[in-house]
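The sequence and structure come first.

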Amino acid sequence: MFLNAEAMFSMIDNLMAGTRILIWMVGLGTLFAGAIGVSNIMMVTVKEHTTEIGILRAIGARPKDILQQILSESMVLTTIAGMTGISFGALILQVVENAVNGPGHHKDPLPGFLRTGHRHLLSTHCAGCACRTGTRLPGNGYQTD
């Protein structure tokens, strides 16, 4: 069978397009799974802080103040965790790249930090939803399940 160069380039181009689509699907799936994980963690955080929320409400804190406190906590934690994960990943990739190619090659870490920004915004939104639900709970905050 004889293939010309144009047909081969077309096949490679289609393969690369399929690979790009697969990478996007995996990335979006990971982002969605991360959003669900952060949302669940923030619901547990609000559930654990029910007593604290009740005390804050009893001494006159507005739901906006409580929301701000929990959102600040979630932003700090997700920023630290995201930057730690990216730093660890960059370190591992650098070690592997040096082992394979030798020292001197360098990749730009900016795309990883941009992805962390997206995760940061998404986790802040999930934390806000969990906190709004927690501040609307009836009772004095001393209730248990």
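## Fold

Helices (H or I, at least four residues) and strands (E, at least two) are DSSP runs, numbered from the N terminus. By that rule the chain has 4 helices and 0 strands, and its pattern along the sequence is α-α-α-α.

This is a predicted model, in which local features need pLDDT of at least 70 and side-chain atom pairs count only at pLDDT 80 or more, while totals for chains, interfaces and linings use all residues. Residues are numbered from 1 along each chain as its sequence is written, and side-chain values use heavy atoms, with hydrogens and water left out.

## Burial and contacts

Buried means under 20% relative accessible area, exposed over 50%, and partly exposed in between (1.4 Å probe, protein chains only). Of the 145 residues of the chain, 21% count as buried.

A contact means heavy atoms within 4.5 Å. Among contacts with a separation of 6 or more, 79% join residues 24 or more positions apart.

Helix 2 spans residues 50–58, and its buried residues are Thr50, Ile53 and Gly54. Seen down the helix axis, these buried residues fall within an arc of 100°, so they line one face of helix 2; the arc is that of the directions from the axis to the C-beta atoms. Just after helix 2, Gly60 has a positive phi of about 105°.

A nonpolar core is a set of buried Ala, Val, Leu, Ile, Met, Phe, Trp, Tyr and Cys residues joined through side-chain atoms within 4.5 Å. The largest such core has 6 residues: Met42, Val46, Ile53, Ala61, Ile66 and Ile70. Helix 1 (5–48) and helix 3 (63–101) are the elements that give two or more residues to this core.

## Surface

The accessible surface of the chain is about 10,800 Å², and 70% of it belongs to carbon and sulfur atoms. Areas come from the Shrake-Rupley method with a 1.4 Å probe; for residues, only the protein chains shown count as cover.

Phe88, Leu91, Ile92, Val95, Val96 and Val100 form a nonpolar surface patch with about 590 Å² of accessible area together. Patches take residues with over 30% relative accessible area and no salt bridge, joining like charges within 9 Å and nonpolar side chains (Val, Leu, Ile, Met, Phe, Trp, Tyr) within 5 Å. Phe88 lies in helix 3 and is exposed, at 53% relative accessible area.

## Salt bridge

A salt bridge is a side-chain nitrogen of Lys or Arg within 4 Å of a carboxyl oxygen of Asp or Glu. The whole structure has 1 salt bridge. The side chains of Arg62 and Asp65 meet in a salt bridge at 3.1 Å, N to O. Arg62 is partly exposed at 48% relative accessible area, and Asp65 is partly exposed at 29%.
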